[in-house]
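Thanks for coming. I will take a few minutes to walk through one structure, going from the whole chain down to single residues.

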Amino acid sequence: MDDRPAARVGLVSLGCPKALVDSERIITQLRAEGYELSKTYAGADVVIVNTCGFLDSAKAESLQAIGEAMAENGKVVVTGCMGAQPELIRDKFPDVLAITGPQAYESVVGAVHQAVPPRHDPYMDLVPPQGLRLTPRHYAYLKISEGCNNRCSFCIIPQLRGDLVSRPAGDVLREAEKLVKAGVKELLVISQDTSAYGVDVKYAESRWQDREVRTKFLDLCRELGTLGAWTRLHYVYPYPHVDEAIPLMAEGKILPYLDIPLQHASPNVLRAMKRPAHQEKTLERIRRWREICPDITVRSTFITGFPGETDADFEMMLDWLDEAQLDRVGCFPYEPVSGAPANDLAAPVPEEIKLERHRRFMEKQEEISAQKLEAKIGKTLDVIIDEADDGGAQGRTKGDAPEIDGLVHIRTRKKLASGDIVSVKIEDADEHDLFGVA
Ligand code: SF4
(Lines give C-alpha, C1' and ligand atoms only; values in the text may rest on other atoms or scores of the structure.)
Protein backbone atom coordinates (compact mmCIF):
# COMPACT_ATOMS: atom_id res chain seq x y z
CA MET A 1 0.00 0.00 0.00
CA ASP A 2 1.12 3.53 -0.78
CA ASP A 3 1.63 5.43 2.50
CA ARG A 4 2.36 8.91 1.16
CA PRO A 5 -0.17 11.44 2.44
CA ALA A 6 -3.03 11.96 0.02
CA ALA A 7 -2.55 14.77 -2.47
CA ARG A 8 -5.05 17.57 -1.99
CA VAL A 9 -6.89 19.37 -4.76
CA GLY A 10 -8.65 22.72 -4.43
CA LEU A 11 -11.53 23.57 -6.73
CA VAL A 12 -13.15 26.86 -7.73
CA SER A 13 -16.31 26.26 -9.79
CA LEU A 14 -17.79 29.22 -11.65
CA GLY A 15 -20.62 29.52 -14.15
CA CYS A 16 -23.86 27.74 -14.84
CA PRO A 17 -25.25 24.39 -13.59
CA LYS A 18 -23.71 22.70 -16.64
CA ALA A 19 -20.26 23.79 -15.52
CA LEU A 20 -21.10 22.62 -12.00
CA VAL A 21 -21.83 19.14 -13.36
CA ASP A 22 -18.43 19.17 -15.10
CA SER A 23 -16.81 20.07 -11.76
CA GLU A 24 -18.66 17.21 -10.06
CA ARG A 25 -17.37 14.75 -12.65
CA ILE A 26 -13.80 15.98 -12.24
CA ILE A 27 -13.81 15.72 -8.45
CA THR A 28 -15.54 12.34 -8.57
CA GLN A 29 -12.77 11.01 -10.80
CA LEU A 30 -10.00 12.55 -8.66
CA ARG A 31 -11.55 11.28 -5.43
CA ALA A 32 -11.75 7.79 -6.94
CA GLU A 33 -8.02 8.02 -7.56
CA GLY A 34 -7.26 8.85 -3.94
CA TYR A 35 -7.06 12.65 -4.03
CA GLU A 36 -8.59 14.61 -1.21
CA LEU A 37 -10.44 17.86 -1.66
CA SER A 38 -9.10 20.95 0.04
CA LYS A 39 -11.34 23.79 1.11
CA THR A 40 -8.48 26.31 1.18
CA TYR A 41 -5.82 27.38 -1.29
CA ALA A 42 -3.18 26.96 1.42
CA GLY A 43 -4.10 23.32 2.03
CA ALA A 44 -4.11 22.37 -1.67
CA ASP A 45 -1.26 20.88 -3.70
CA VAL A 46 -2.94 22.04 -6.88
CA VAL A 47 -6.02 24.18 -7.62
CA ILE A 48 -8.47 23.64 -10.48
CA VAL A 49 -10.38 26.70 -11.65
CA ASN A 50 -13.47 25.79 -13.71
CA THR A 51 -14.20 28.98 -15.63
CA CYS A 52 -17.20 30.55 -17.33
CA GLY A 53 -16.60 32.35 -20.62
CA PHE A 54 -20.13 33.23 -21.69
CA LEU A 55 -20.31 36.97 -21.04
CA ASP A 56 -17.40 39.38 -20.82
CA SER A 57 -18.29 39.98 -17.16
CA ALA A 58 -18.04 36.22 -16.52
CA LYS A 59 -14.65 36.13 -18.23
CA ALA A 60 -13.46 38.97 -15.99
CA GLU A 61 -14.68 37.03 -12.94
CA SER A 62 -12.89 33.91 -14.17
CA LEU A 63 -9.63 35.80 -14.71
CA GLN A 64 -9.94 37.23 -11.22
CA ALA A 65 -10.43 33.74 -9.76
CA ILE A 66 -7.38 32.44 -11.66
CA GLY A 67 -5.39 35.45 -10.38
CA GLU A 68 -6.39 34.70 -6.78
CA ALA A 69 -5.52 31.01 -7.11
CA MET A 70 -2.16 31.91 -8.67
CA ALA A 71 -1.37 34.43 -5.95
CA GLU A 72 -2.42 32.20 -3.07
CA ASN A 73 -1.35 28.81 -4.34
CA GLY A 74 0.59 29.12 -7.59
CA LYS A 75 -0.16 25.62 -8.99
CA VAL A 76 -3.25 26.14 -11.09
CA VAL A 77 -5.05 24.11 -13.77
CA VAL A 78 -7.68 26.03 -15.74
CA THR A 79 -10.64 24.32 -17.36
CA GLY A 80 -14.18 25.18 -18.51
CA CYS A 81 -15.58 27.49 -21.17
CA MET A 82 -12.79 30.03 -20.98
CA GLY A 83 -10.31 27.24 -21.61
CA ALA A 84 -11.48 27.37 -25.23
CA GLN A 85 -9.69 30.74 -25.50
CA PRO A 86 -6.35 29.85 -23.90
CA GLU A 87 -4.56 32.94 -25.23
CA LEU A 88 -6.70 35.19 -22.99
CA ILE A 89 -5.50 33.23 -19.98
CA ARG A 90 -1.85 32.75 -21.03
CA ASP A 91 -1.47 36.50 -21.72
CA LYS A 92 -2.27 37.30 -18.11
CA PHE A 93 -1.05 34.18 -16.37
CA PRO A 94 1.76 32.56 -18.37
CA ASP A 95 2.59 30.23 -15.46
CA VAL A 96 -0.68 28.30 -15.15
CA LEU A 97 0.11 24.59 -15.32
CA ALA A 98 -2.44 23.65 -17.98
CA ILE A 99 -5.47 25.02 -19.78
CA THR A 100 -8.17 22.67 -21.03
CA GLY A 101 -11.55 23.33 -22.62
CA PRO A 102 -15.01 22.41 -21.27
CA GLN A 103 -15.84 18.72 -20.73
CA ALA A 104 -12.15 17.83 -21.15
CA TYR A 105 -12.28 15.73 -17.98
CA GLU A 106 -9.37 13.52 -18.92
CA SER A 107 -7.06 16.43 -19.73
CA VAL A 108 -7.87 18.08 -16.39
CA VAL A 109 -7.25 14.87 -14.51
CA GLY A 110 -4.03 14.34 -16.54
CA ALA A 111 -2.81 17.84 -15.64
CA VAL A 112 -3.51 17.14 -11.96
CA HIS A 113 -1.57 13.85 -12.21
CA GLN A 114 1.39 15.73 -13.62
CA ALA A 115 1.28 18.34 -10.87
CA VAL A 116 0.84 15.84 -8.01
CA PRO A 117 0.77 12.10 -8.72
CA PRO A 118 -2.17 10.22 -7.20
CA ARG A 119 -1.76 8.11 -4.12
CA HIS A 120 -3.37 4.81 -4.89
CA ASP A 121 -5.05 2.73 -2.26
CA PRO A 122 -6.85 -0.21 -3.84
CA TYR A 123 -8.53 -1.20 -0.56
CA MET A 124 -10.50 1.93 -0.14
CA ASP A 125 -13.73 2.71 -1.90
CA LEU A 126 -13.59 6.45 -1.85
CA VAL A 127 -16.46 7.34 -4.08
CA PRO A 128 -20.11 6.64 -3.38
CA PRO A 129 -21.83 4.98 -6.36
CA GLN A 130 -23.72 8.17 -7.24
CA GLY A 131 -20.47 10.19 -7.51
CA LEU A 132 -19.60 13.34 -5.63
CA ARG A 133 -21.83 16.35 -5.88
CA LEU A 134 -21.56 20.04 -5.17
CA THR A 135 -25.28 20.64 -4.63
CA PRO A 136 -27.09 19.91 -1.34
CA ARG A 137 -27.90 16.25 -0.92
CA HIS A 138 -31.59 16.47 -1.73
CA TYR A 139 -31.35 17.78 -5.28
CA ALA A 140 -29.03 17.10 -8.18
CA TYR A 141 -28.44 18.37 -11.69
CA LEU A 142 -28.74 15.70 -14.35
CA LYS A 143 -26.89 16.67 -17.52
CA ILE A 144 -28.35 14.84 -20.50
CA SER A 145 -26.20 16.23 -23.32
CA GLU A 146 -23.25 18.43 -24.14
CA GLY A 147 -22.99 21.16 -26.78
CA CYS A 148 -25.65 22.67 -29.01
CA ASN A 149 -26.73 22.52 -32.67
CA ASN A 150 -28.28 26.01 -32.64
CA ARG A 151 -26.41 29.13 -33.61
CA CYS A 152 -28.07 31.93 -31.66
CA SER A 153 -26.35 35.11 -32.76
CA PHE A 154 -25.57 36.34 -29.22
CA CYS A 155 -24.02 33.08 -28.04
CA ILE A 156 -20.61 31.46 -28.38
CA ILE A 157 -21.41 28.26 -26.51
CA PRO A 158 -21.38 26.10 -29.68
CA GLN A 159 -17.91 27.51 -30.43
CA LEU A 160 -16.84 26.65 -26.90
CA ARG A 161 -18.62 23.35 -26.36
CA GLY A 162 -19.24 22.07 -29.87
CA ASP A 163 -22.36 20.54 -31.44
CA LEU A 164 -24.98 18.54 -29.57
CA VAL A 165 -23.80 15.22 -28.15
CA SER A 166 -26.57 13.39 -26.29
CA ARG A 167 -25.79 10.87 -23.58
CA PRO A 168 -27.49 7.51 -24.18
CA ALA A 169 -30.81 7.35 -22.33
CA GLY A 170 -29.67 4.22 -20.46
CA ASP A 171 -26.65 6.08 -19.01
CA VAL A 172 -28.73 9.07 -17.97
CA LEU A 173 -31.35 6.85 -16.34
CA ARG A 174 -28.75 4.77 -14.49
CA GLU A 175 -27.23 7.96 -13.12
CA ALA A 176 -30.66 9.24 -12.12
CA GLU A 177 -31.47 5.93 -10.43
CA LYS A 178 -28.25 6.02 -8.40
CA LEU A 179 -28.93 9.57 -7.34
CA VAL A 180 -32.42 8.69 -6.15
CA LYS A 181 -31.10 5.65 -4.28
CA ALA A 182 -28.58 7.94 -2.58
CA GLY A 183 -31.38 10.16 -1.26
CA VAL A 184 -31.87 12.74 -4.01
CA LYS A 185 -35.49 13.91 -4.03
CA GLU A 186 -35.37 16.30 -6.97
CA LEU A 187 -33.66 15.85 -10.35
CA LEU A 188 -32.98 18.98 -12.37
CA VAL A 189 -32.62 18.04 -16.03
CA ILE A 190 -30.16 20.35 -17.77
CA SER A 191 -28.43 20.72 -21.13
CA GLN A 192 -28.12 23.57 -23.65
CA ASP A 193 -31.26 22.44 -25.49
CA THR A 194 -33.21 19.81 -23.57
CA SER A 195 -36.00 19.26 -26.10
CA ALA A 196 -33.41 18.49 -28.84
CA TYR A 197 -32.18 15.54 -26.78
CA GLY A 198 -31.29 12.60 -28.99
CA VAL A 199 -31.51 14.36 -32.38
CA ASP A 200 -27.77 13.81 -32.92
CA VAL A 201 -28.02 10.04 -32.38
CA LYS A 202 -31.31 9.69 -34.29
CA TYR A 203 -33.03 8.76 -31.04
CA ALA A 204 -31.01 5.54 -30.72
CA GLU A 205 -32.28 3.02 -28.18
CA SER A 206 -30.24 1.93 -25.22
CA ARG A 207 -30.90 -0.57 -22.48
CA TRP A 208 -32.19 0.38 -19.07
CA GLN A 209 -33.53 -2.14 -16.55
CA ASP A 210 -35.46 -4.70 -18.62
CA ARG A 211 -36.17 -2.53 -21.62
CA GLU A 212 -34.86 -0.50 -24.52
CA VAL A 213 -35.37 3.25 -24.13
CA ARG A 214 -35.07 5.76 -26.97
CA THR A 215 -32.70 8.68 -26.49
CA LYS A 216 -35.59 11.08 -26.90
CA PHE A 217 -37.06 13.93 -24.88
CA LEU A 218 -40.48 12.41 -24.23
CA ASP A 219 -39.18 8.89 -23.58
CA LEU A 220 -36.63 10.20 -21.11
CA CYS A 221 -39.28 12.29 -19.32
CA ARG A 222 -41.55 9.26 -19.09
CA GLU A 223 -38.84 7.03 -17.62
CA LEU A 224 -37.57 9.67 -15.20
CA GLY A 225 -41.15 9.94 -14.03
CA THR A 226 -41.01 6.35 -12.77
CA LEU A 227 -38.17 6.98 -10.31
CA GLY A 228 -40.23 8.53 -7.50
CA ALA A 229 -38.34 11.84 -7.36
CA TRP A 230 -39.38 15.29 -8.53
CA THR A 231 -38.19 15.77 -12.13
CA ARG A 232 -37.82 19.38 -13.27
CA LEU A 233 -37.08 20.34 -16.87
CA HIS A 234 -34.76 23.22 -17.70
CA TYR A 235 -33.73 24.84 -21.01
CA VAL A 236 -36.63 23.48 -23.03
CA TYR A 237 -37.21 25.16 -26.41
CA PRO A 238 -40.84 25.07 -27.51
CA TYR A 239 -40.51 22.63 -30.41
CA PRO A 240 -43.92 21.13 -31.22
CA HIS A 241 -43.14 17.79 -29.53
CA VAL A 242 -42.81 19.55 -26.15
CA ASP A 243 -46.63 19.52 -26.07
CA GLU A 244 -46.49 15.77 -25.56
CA ALA A 245 -44.76 16.19 -22.18
CA ILE A 246 -47.60 18.31 -20.73
CA PRO A 247 -49.92 15.33 -20.04
CA LEU A 248 -47.07 13.73 -18.04
CA MET A 249 -47.07 16.88 -15.93
CA ALA A 250 -50.85 16.79 -15.52
CA GLU A 251 -50.60 13.16 -14.39
CA GLY A 252 -47.97 14.07 -11.78
CA LYS A 253 -45.23 11.98 -13.44
CA ILE A 254 -42.87 14.94 -13.84
CA LEU A 255 -43.13 18.38 -12.24
CA PRO A 256 -45.57 20.81 -13.86
CA TYR A 257 -42.72 23.19 -14.62
CA LEU A 258 -41.16 24.33 -17.88
CA ASP A 259 -38.13 26.55 -18.08
CA ILE A 260 -38.25 27.96 -21.61
CA PRO A 261 -35.67 30.63 -22.38
CA LEU A 262 -37.60 32.70 -24.93
CA GLN A 263 -35.37 35.83 -24.86
CA HIS A 264 -37.81 38.00 -26.83
CA ALA A 265 -41.28 38.18 -28.36
CA SER A 266 -40.81 40.40 -31.41
CA PRO A 267 -40.43 38.27 -34.57
CA ASN A 268 -37.81 40.73 -35.90
CA VAL A 269 -35.61 40.40 -32.86
CA LEU A 270 -36.11 36.64 -32.61
CA ARG A 271 -35.07 36.29 -36.23
CA ALA A 272 -31.98 38.42 -35.64
CA MET A 273 -31.21 36.32 -32.58
CA LYS A 274 -31.63 33.14 -34.68
CA ARG A 275 -33.52 31.54 -31.83
CA PRO A 276 -34.62 27.92 -32.10
CA ALA A 277 -38.37 27.29 -32.38
CA HIS A 278 -39.16 31.00 -32.59
CA GLN A 279 -42.02 30.53 -35.02
CA GLU A 280 -43.94 28.11 -32.87
CA LYS A 281 -46.90 30.32 -31.84
CA THR A 282 -45.82 30.25 -28.25
CA LEU A 283 -48.74 32.23 -26.79
CA GLU A 284 -51.30 29.83 -28.13
CA ARG A 285 -49.24 26.89 -26.98
CA ILE A 286 -48.90 28.23 -23.43
CA ARG A 287 -52.67 28.70 -23.30
CA ARG A 288 -53.20 25.11 -24.37
CA TRP A 289 -50.63 23.81 -21.87
CA ARG A 290 -52.52 25.58 -19.10
CA GLU A 291 -55.77 23.96 -20.21
CA ILE A 292 -54.18 20.50 -20.02
CA CYS A 293 -52.22 21.18 -16.85
CA PRO A 294 -53.68 24.13 -14.91
CA ASP A 295 -50.91 24.00 -12.29
CA ILE A 296 -48.08 24.40 -14.79
CA THR A 297 -45.43 27.00 -13.96
CA VAL A 298 -43.85 28.55 -17.03
CA ARG A 299 -40.52 30.27 -16.45
CA SER A 300 -38.54 32.17 -19.01
CA THR A 301 -35.72 34.65 -19.53
CA PHE A 302 -35.62 37.72 -21.75
CA ILE A 303 -33.08 40.21 -23.05
CA THR A 304 -33.67 43.94 -23.43
CA GLY A 305 -31.64 46.12 -25.77
CA PHE A 306 -30.54 43.47 -28.27
CA PRO A 307 -28.75 45.26 -31.17
CA GLY A 308 -31.40 46.77 -33.44
CA GLU A 309 -34.28 46.39 -30.92
CA THR A 310 -36.67 49.28 -31.60
CA ASP A 311 -39.22 50.88 -29.30
CA ALA A 312 -41.90 48.97 -31.20
CA ASP A 313 -40.07 45.65 -30.66
CA PHE A 314 -39.80 46.36 -26.97
CA GLU A 315 -43.47 47.39 -26.64
CA MET A 316 -44.39 44.18 -28.42
CA MET A 317 -42.45 42.21 -25.83
CA LEU A 318 -44.25 44.03 -22.98
CA ASP A 319 -47.64 43.32 -24.57
CA TRP A 320 -46.66 39.71 -25.05
CA LEU A 321 -45.78 39.43 -21.38
CA ASP A 322 -49.14 40.91 -20.45
CA GLU A 323 -50.86 38.27 -22.54
CA ALA A 324 -48.68 35.35 -21.54
CA GLN A 325 -48.79 36.01 -17.78
CA LEU A 326 -45.69 33.92 -17.20
CA ASP A 327 -45.18 32.74 -13.66
CA ARG A 328 -41.47 33.35 -13.34
CA VAL A 329 -39.28 35.58 -15.46
CA GLY A 330 -35.63 36.63 -15.50
CA CYS A 331 -34.52 39.57 -17.65
CA PHE A 332 -31.06 40.81 -18.58
CA PRO A 333 -29.95 43.93 -20.41
CA TYR A 334 -28.04 42.77 -23.50
CA GLU A 335 -24.34 42.35 -22.89
CA PRO A 336 -22.10 41.81 -25.92
CA VAL A 337 -20.11 38.58 -25.95
CA SER A 338 -16.78 38.81 -27.76
CA GLY A 339 -16.88 36.73 -30.91
CA ALA A 340 -20.70 36.61 -31.13
CA PRO A 341 -22.20 37.64 -34.50
CA ALA A 342 -24.93 39.71 -32.78
CA ASN A 343 -22.49 42.52 -32.06
CA ASP A 344 -22.23 43.33 -35.78
CA LEU A 345 -25.93 43.03 -36.62
CA ALA A 346 -26.95 46.61 -35.89
CA ALA A 347 -25.90 49.61 -33.89
CA PRO A 348 -25.95 48.84 -30.16
CA VAL A 349 -28.91 50.15 -28.18
CA PRO A 350 -27.65 52.93 -25.88
CA GLU A 351 -26.96 51.72 -22.37
CA GLU A 352 -29.54 53.98 -20.68
CA ILE A 353 -32.31 52.78 -23.02
CA LYS A 354 -31.34 49.15 -22.41
CA LEU A 355 -31.54 49.69 -18.66
CA GLU A 356 -34.77 51.69 -18.86
CA ARG A 357 -36.40 48.91 -20.88
CA HIS A 358 -35.09 46.36 -18.40
CA ARG A 359 -36.60 48.37 -15.53
CA ARG A 360 -39.99 48.65 -17.24
CA PHE A 361 -40.00 44.96 -18.14
CA MET A 362 -39.21 43.87 -14.60
CA GLU A 363 -41.80 46.25 -13.16
CA LYS A 364 -44.48 44.65 -15.31
CA GLN A 365 -43.31 41.14 -14.41
CA GLU A 366 -43.28 41.92 -10.70
CA GLU A 367 -46.92 42.96 -10.92
CA ILE A 368 -47.78 39.71 -12.71
CA SER A 369 -45.71 37.62 -10.33
CA ALA A 370 -47.26 39.29 -7.25
CA GLN A 371 -50.77 38.52 -8.58
CA LYS A 372 -49.86 34.95 -9.42
CA LEU A 373 -48.42 34.38 -5.96
CA GLU A 374 -51.35 36.08 -4.25
CA ALA A 375 -53.66 33.62 -5.97
CA LYS A 376 -51.89 30.85 -4.04
CA ILE A 377 -52.91 32.25 -0.64
CA GLY A 378 -55.24 29.80 1.07
CA LYS A 379 -54.03 26.82 -0.94
CA THR A 380 -52.16 23.86 0.50
CA LEU A 381 -49.08 23.06 -1.54
CA ASP A 382 -46.37 20.42 -1.50
CA VAL A 383 -43.07 21.99 -0.53
CA ILE A 384 -39.59 20.46 -0.60
CA ILE A 385 -37.51 21.62 2.35
CA ASP A 386 -34.12 23.21 1.57
CA GLU A 387 -33.22 24.36 5.09
CA ALA A 388 -34.74 23.90 8.51
CA ASP A 389 -33.94 24.95 12.05
CA ASP A 390 -35.81 25.33 15.34
CA GLY A 391 -37.42 28.59 14.22
CA GLY A 392 -38.96 27.20 11.02
CA ALA A 393 -37.98 26.13 7.55
CA GLN A 394 -37.50 27.27 3.98
CA GLY A 395 -38.46 25.33 0.93
CA ARG A 396 -39.79 25.43 -2.60
CA THR A 397 -43.05 24.47 -4.30
CA LYS A 398 -43.19 22.38 -7.46
CA GLY A 399 -43.17 25.70 -9.31
CA ASP A 400 -39.85 26.88 -7.90
CA ALA A 401 -36.43 25.70 -9.02
CA PRO A 402 -33.48 26.17 -6.67
CA GLU A 403 -31.38 29.32 -7.05
CA ILE A 404 -33.56 30.99 -9.70
CA ASP A 405 -37.17 31.03 -8.42
CA GLY A 406 -38.93 31.86 -5.17
CA LEU A 407 -39.03 30.35 -1.70
CA VAL A 408 -41.67 29.34 0.79
CA HIS A 409 -40.94 30.58 4.32
CA ILE A 410 -42.57 28.15 6.74
CA ARG A 411 -43.67 28.47 10.35
CA THR A 412 -43.74 25.08 11.94
CA ARG A 413 -43.23 23.19 15.17
CA LYS A 414 -42.46 20.01 13.24
CA LYS A 415 -38.93 18.69 13.09
CA LEU A 416 -38.19 19.05 9.40
CA ALA A 417 -35.03 18.18 7.49
CA SER A 418 -33.81 19.18 4.04
CA GLY A 419 -35.32 16.95 1.38
CA ASP A 420 -38.57 16.38 3.30
CA ILE A 421 -41.66 17.05 1.22
CA VAL A 422 -44.44 18.55 3.35
CA SER A 423 -47.89 20.10 2.89
CA VAL A 424 -47.84 23.81 3.59
CA LYS A 425 -50.91 26.03 3.97
CA ILE A 426 -50.05 29.31 2.22
CA GLU A 427 -50.98 32.38 4.29
CA ASP A 428 -49.24 35.28 2.57
CA ALA A 429 -47.20 36.29 -0.46
CA ASP A 430 -45.04 39.08 -1.80
CA GLU A 431 -43.79 39.56 -5.37
CA HIS A 432 -41.18 36.75 -5.04
CA ASP A 433 -41.91 34.46 -2.11
CA LEU A 434 -44.70 32.67 -0.26
CA PHE A 435 -45.26 32.39 3.50
CA GLY A 436 -47.09 29.53 5.15
CA VAL A 437 -47.55 27.08 7.97
CA ALA A 438 -46.88 23.34 8.19
S1 SF4 B 1 -29.60 27.37 -27.80
FE2 SF4 B 1 -28.66 29.26 -28.50
S3 SF4 B 1 -28.19 30.34 -26.57
FE4 SF4 B 1 -28.48 28.20 -26.03
S5 SF4 B 1 -26.44 27.30 -26.14
FE6 SF4 B 1 -27.41 26.94 -28.12
S7 SF4 B 1 -26.70 28.64 -29.38
FE8 SF4 B 1 -26.33 29.23 -27.24
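Predicted model: local features only at pLDDT ≥ 70, side-chain atom pairs only at ≥ 80, totals over all residues.

I start with the whole protein. It has 12 helices and 20 strands. The radius of gyration is 23 Å, close to the 22 Å that the globule rule gives for 438 residues, so the protein is as compact as a globular protein of that length. Along the principal axes, the C-alpha trace spans about 65 × 55 × 50 Å.

Now for burial and surface. Of the 438 residues, 54% count as buried. The accessible surface comes to about 19600 Å², and 51% of that belongs to carbon and sulfur atoms. As for contacts, take those between residues at least 6 apart in sequence: 74% of them join residues at least 24 apart.

Next, the annotations. An unreviewed UniProt entry gives "domain: MTTase N-terminal" for residues 7-117. That span is 46% helix and 20% strand, and its end C-alpha atoms are 8 Å apart. The UniProt entry, again unreviewed, places "domain: Radical SAM core" at residues 134-371. Here the span is 35% helix and 18% strand, with the end C-alpha atoms 35 Å apart.

On to the ligand. Which residues surround the ligand? They are Cys148, Asn150, Cys152, Phe154, Cys155, Ile157, Pro158, Gln192, Tyr237 and Arg275. Sorted by class, this shell has seven nonpolar, two polar and one charged residues.

Cys148 sits in the loop between strand 7 (145-146) and helix 5 (157-161). Is Cys148 buried or exposed? At 8% relative accessibility, it counts as buried, because the cut-off for buried is under 20%. Not counting residues up to four places away in sequence, Cys148 touches Pro158, Gly162, Asp163, Leu164 and Gln192.

Cys155 is also in the loop between strand 7 and helix 5. Its relative accessible area is 14%, so Cys155 is buried as well. Leaving aside neighbours within four places in sequence, Cys155 is in contact with Phe54 and Ala340.

The buried ones are Phe217, Leu218, Asp219, Leu220, Cys221, Glu223 and Leu224.

Another buried residue is Asp313, with a relative accessible area of 6%. Asp313 is found in helix 11 (residues 311-324). Setting aside neighbours within four places in sequence, Asp313 is in contact with His264, Ser266, Asn268, Val269 and Gly308. From Asp313 to Val109 the separation is 204 residues in sequence and 48 Å in space, C-alpha to C-alpha.

Lys202 lies in the loop between strand 9 (186-190) and strand 10 (205-208). Its phi is near 50°, a positive value in a residue other than glycine. At 71% relative accessibility, Lys202 counts as exposed. Lys274 is in the loop between helix 9 (267-273) and helix 10 (282-292). Phi of Lys274 is positive too, near 55°.

That is the end of the tour.

How values were computed:
Residues numbered from 1 in each chain as written. Heavy atoms only, no water. Near = heavy atom within 4 Å. Nonpolar A, V, L, I, M, F, W, Y, C, P; charged D, E, K, R; others polar. Helix = DSSP H or I, 4+ residues; strand = E, 2+ residues; numbered from the N terminus. Rg over C-alpha atoms; globule rule 2.2 N^0.38 Å. Buried < 20%, exposed > 50% of the residue type's maximum accessible area, 1.4 Å probe, protein only. Contact = heavy atoms within 4.5 Å. Areas by Shrake-Rupley, 256 points an atom, 1.4 Å probe, with all protein chains shown as cover. UniProt positions renumbered as here; feature names shortened; annotations may be inferred.
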